[in-house]
Amino acid sequence: MKLYVGNLPWSIGDQELEELFSDYGVVSAKVIKDRNTDRSRGFGFVELESGGEEAIEALNDSEVDGRQLKVNEAKPK
């Protein structure tokens with residue numbers, strides 16, 4: 001299951017995002033960055049083996065570095 005994670009703190013990178021979801025069987029975690037500046041755009045995607053619903057329930061609206069995360073199932077392109 002692929003999850004969208006929004007409203008990320010600017011300080012979070014791929015590794016920190018992966019650690020945030022580590023209890024749910026992370027396959028991959030990617031923070032989306034601006035092509036020109038290489039700065040985080042404030043959102044990312046996490047792919048999980050299983051436990052997607054539990055991760056959404058546990059981490060949606062949770063606070064990280066003063067920002068409330070938005071976690072839901074990623075929509076196909």
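Visitor: Which residue in S3 is the bridge partner of lysine 2?

Guide: In this predicted model, the bridge partner of lysine 2 in S3 is glutamate 47.

Visitor: What makes strand S1 and strand S3 a pair?

Guide: Two strands are taken to pair if DSSP finds at least two bridges between them. Strand S1 (residues 2–6) and strand S3 (residues 40–48) are joined over 5 bridges, so they are called paired, and the sense of the pairing is antiparallel.

Visitor: In what order do the strands of the open sheet lie, and which are its edge strands?

Guide: The open sheet is formed by 4 strands in the order S2-S3-S1-S6, with antiparallel pairing. Strand S2 (26–33) and strand S6 (70–73) are called edge strands because each of them pairs on one side only. Neighbouring strands of this sheet are turned against each other by 20 degrees on average, if direction is ignored.

Visitor: Which strands does H2 lie across, and at what angle does H2 run to S6?

Guide: H2 lies across S1, S3 and S6, and its direction makes an angle of about 160 degrees with that of S6.

Visitor: Why is serine 62 called buried?

Guide: The term buried is used for a relative accessible area under 20%. Serine 62 has a relative accessible area of 18%, and therefore serine 62 counts as buried. Its place is in the loop between helix H2 (52–59) and strand S4 (63–64). Leaving aside residues up to four places away in sequence, serine 62 touches Arg67, Gln68 and Leu69.

Visitor: How many helices and strands does the protein have, and in what order do the elements run from the N terminus on?

Guide: The secondary structure comes to 2 helices and 6 strands, and from the N terminus on these elements follow one another as β-α-β-β-α-β-β-β.

Visitor: How do you know that the protein is as compact as a globular protein of that length?

Guide: The comparison sets the radius of gyration, taken over C-alpha atoms, against the globule rule. For 77 residues that rule gives 11 Å, and the radius of gyration of the protein is 12 Å, which is close to that value, so the protein is as compact as a globular protein of that length. Along the principal axes, the C-alpha atoms fill a box of roughly 35 × 30 × 20 Å.

Visitor: What share of the residues is buried, and what share of the contacts joins residues at least 24 apart?

Guide: Buried residues make up 36% of the 77 residues. Among contacts between residues at least 6 apart in sequence, 58% join residues at least 24 apart.

Methods:
Residues numbered from 1 in each chain as written. Predicted model: local features only at pLDDT ≥ 70, side-chain atom pairs only at ≥ 80, totals over all residues. Heavy atoms only, no water. Buried < 20%, exposed > 50% of the residue type's maximum accessible area, 1.4 Å probe, protein only. Contact = heavy atoms within 4.5 Å. Axes fitted to C-alpha atoms, helices over the stretch in contact; angles between N-to-C directions. Rg over C-alpha atoms; globule rule 2.2 N^0.38 Å.
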